[in-house]
Amino acid sequence: MKEIHYLLGNSCNLNCDFCFWDLRVTDVSLAFKKRIVDQIIKTKIKRVTISGGEPLCAGHFLEILEYMNKNNLEIILHTNGLKIDASLAKRLSTIVSRVSLAFDGANEETAIKMRKSRNIFQHTIFLVKIFHKLQIPVNVKTLVTKINQNQMIEIGNILKNLPIQYWSILKFIPLNKGKIHKEKFFISQKDFDGICAKIQEKFPSINIKIRDYSKNKNNYCFIAPNGDVYTYKENNGDILIGNIETEELSAIISKIEK
């Protein structure tokens, strides 16, 4: 395993109907979060993806990122970006290695339908540019759904003129809240594969990565705010493997790899 995902908190400033994560966990102390980071350090895995919820809504957000940075971890920050202004972007540029942002529509109206936020469309473009000036790589990710499937070429035309490291195309998987609203978002595997093929043909200048987790054969784990450790199994969704309060993270990862 080359990477660990740490869900820093459960809270979010958006209310997306496709959200895969629906576990209600109370925010924990800074000391407990440092214990989780210490467990990550012991695994010798250096790359950590920070997400949530929205990680900037979690308590002690900057403190825990600075603690990780102090311990030489490579931090990939997944965020909707709405809480990041120019000042915070500058501070984050001294801590994180890469920022991952959502870009799910070609206009504000589609952004509202996807993430119930008009501001996220223009703000994401602003953040891509400002992090580029700060020399922090940015990737954007697009969740392909029934709502935006006909805008993918328009989205590509916007992104080809932005300084992104790569563009992730994500397949919608109906889990948790997303399962309730499956009819609103779901497209077939055939349609998803066809869209990806068209995008790759249309935009050879963009580094495009297809993310279809239903086909993912790599070992994968994420740590919930309360220390629960999960992996993803096809047809079964998220599977609880252990908790760092009762077992070393290295031992839990060994079970996943076996």
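**The largest cavity and its lining**

By class, the lining of the largest cavity has five nonpolar, two polar and two charged residues. Here Ala, Val, Leu, Ile, Met, Phe, Trp, Tyr, Cys and Pro count as nonpolar, Asp, Glu, Lys and Arg as charged, and the others, Gly among them, as polar.

The model is predicted: local features need pLDDT of at least 70, side-chain atom pairs count only at pLDDT 80 or more, and totals for chains, interfaces and linings use all residues. Residues are numbered from 1 along each chain as its sequence is written, and side-chain values use heavy atoms, with hydrogens and water left out.

A cavity is a set of points, on a 1 Å grid over the protein atoms alone, where a 1.4 Å probe fits but cannot get out; lining residues have an atom within 4 Å of a point. Grid points are joined across faces, edges and corners, and a volume is the space filled by probe spheres set on the points.

By this rule there is one cavity of 30 Å³ or more, and the volume of the largest cavity is about 60 Å³. The largest share, three residues, comes from α5.

Note on methods:
1 Å grid on protein atoms, 1.4 Å probe; cavity = no way out; pocket = protein on both sides within 12 Å on 5 of 7 lines; lining within 4 Å. Helix = DSSP H or I, 4+ residues; strand = E, 2+ residues; numbered from the N terminus.
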